[in-house]
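Welcome! Please take a look at the structure below, and then we will walk through it together, topic by topic.

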Amino acid sequence: MEHPYGYIKDNKVYLKGFLGQDDRVIGEVKEDEASTISYFEARFDQLKEKVEKLKSDIQENQNKGSFLMKLIHLRDSLMQADALGDFIPLIEELNKEEEYLSEIIQANRSKNLEVKKALIQEAEEMKDNTDWRETTEAYKDLKMRWIKTGPVEKELEEEIEMKFNDAVQHFFENRRHYYEGLALQAEENIKVYEALVVQAREAHDFPDAKVAFEISKKIQKEWKASGKVPAEKRQPLWDEFSRLNNRIFSRYKRTLNPGPSMHPREIIRKAEQLTDEIKKLAGQPTTYELIGQAKKFRKNGRNFR
């Protein structure tokens, strides 16, 4: 049985060769030749619908370039399809769509190249910035924009990626070195604080209160001038340091205002005794002996004030 695009021979269904292909078997007769031919024609109609659907999707979508691989796969499948029909017009339609998509992709890649060059410039301008927190956030945004930007021409892709990544890596390497330096510096600063605590202990145990106080003033100034360390490591040292210096100051203060050396009850008793003696003198006539006693009482009063 003959068909415009194939034939049946020895109970097998053949598709006539096209676009340089030889005739090939696409199936065999199952019930009768007419129904078999209809079956393979229906399969061809399904392929036509797929082509039309793809063309419609391309027109309706903004990201048209994303359909290129789907188009290529569909065209390749047409060359091997088990169906009866005129495949050449379908393939030609897909060829035209491919040219259309290629033009769009080329334009997009040119635009993408310009966008990525601008992103590289931004990355270059920020790479030596030492505002670590703000610049880190800026690079996160920059990398997100880079990812969202489509591809460039294959021959330029490696070069463009390298320039961008070099600038980004330069900043993050600088940041890493900075924080490593901070960690080392913090370790050195902790040693300074520990040494000042040791000096505070020695000053606290020093017998001369005035010398201890002078040492305390000096090491407190040094403490204020010392560098930064993590709060959780600094706080225990500060607690001991401040406690020792407070005790040193309290001891020094006592040397300036020694206060009475007698027990308060003894002072009261002496004061009452002195008052009685003065009352007795008040009733006697004034003599040199009496004046001498009054001076003595006055001196004694000063001694236990």
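In this predicted model, 65% of the contacts in the protein chain between residues at least 6 apart in sequence join residues at least 24 apart. The chain holds nine helices and four strands, and 30% of its 305 residues count as buried.

**Order of the elements**

**The nonpolar cores**

- In soluble globular proteins, nonpolar side chains tend to be buried together.
- Here, the largest nonpolar core is made of 29 residues.
- Leu 54, Leu 78, Leu 84, Phe 87 and Leu 94 have the most contacts inside this core.
- Strand 3 (12–15), helix 1 (33–60), helix 2 (68–79) and helix 3 (87–126) are the elements that each give two or more residues to this core.
- Helix 1 supplies the largest share, with seven residues.
- If you leave aside neighbours within four places in sequence, Leu 94 is in contact with Val 51, Leu 54, Leu 71, Leu 74, Arg 75 and Leu 78.
- Another core, of 15 residues, lies apart from the largest one, and Leu 113, Leu 119, Leu 142 and Phe 164 are among its members.

**Helix 4 against helix 5**

- Which way do helix 4 and helix 5 run relative to each other, roughly parallel or roughly antiparallel?
- Helix 4 (residues 132–148) and helix 5 (residues 154–204) pack at an angle of about 160°, and angles over 145 degrees count as roughly antiparallel, so these two helices are roughly antiparallel to each other.
- Their axes are 12 Å apart, and the crossing of helix 4 and helix 5 is left-handed.
- On the helix 4 side, the residues making the contact include Trp 132, Tyr 139, Leu 142 and Trp 146, while those of helix 5 include Phe 164, Val 168, Phe 171 and Tyr 178.
- The residues of this contact divide into 12 nonpolar, three polar and three charged.

**Helix 6 against helix 7**

- Helix 6 (residues 209–225) packs with helix 7 (residues 231–256) at an angle of about 150°, and their axes are 9 Å apart.
- The crossing of helix 6 and helix 7 is left-handed.
- Among the residues that meet here are Phe 213, Ile 219 and Trp 223 in helix 6, and Leu 237, Trp 238, Phe 241 and Tyr 252 in helix 7.
- Sorted by type, the residues of the contact of helix 6 with helix 7 are 11 nonpolar, four polar and three charged.

Terms used:
Residues numbered from 1 in each chain as written. Predicted model: local features only at pLDDT ≥ 70, side-chain atom pairs only at ≥ 80, totals over all residues. Heavy atoms only, no water. Core = buried A, V, L, I, M, F, W, Y, C linked by side-chain atoms within 4.5 Å. Buried < 20%, exposed > 50% of the residue type's maximum accessible area, 1.4 Å probe, protein only. Contact = heavy atoms within 4.5 Å. Axes fitted to C-alpha atoms, helices over the stretch in contact; angles between N-to-C directions. Left-handed = near helix turned anticlockwise from the far one by under 90°. Nonpolar A, V, L, I, M, F, W, Y, C, P; charged D, E, K, R; others polar. Parallel < 35°, antiparallel > 145°, perpendicular 65-115°, else oblique.
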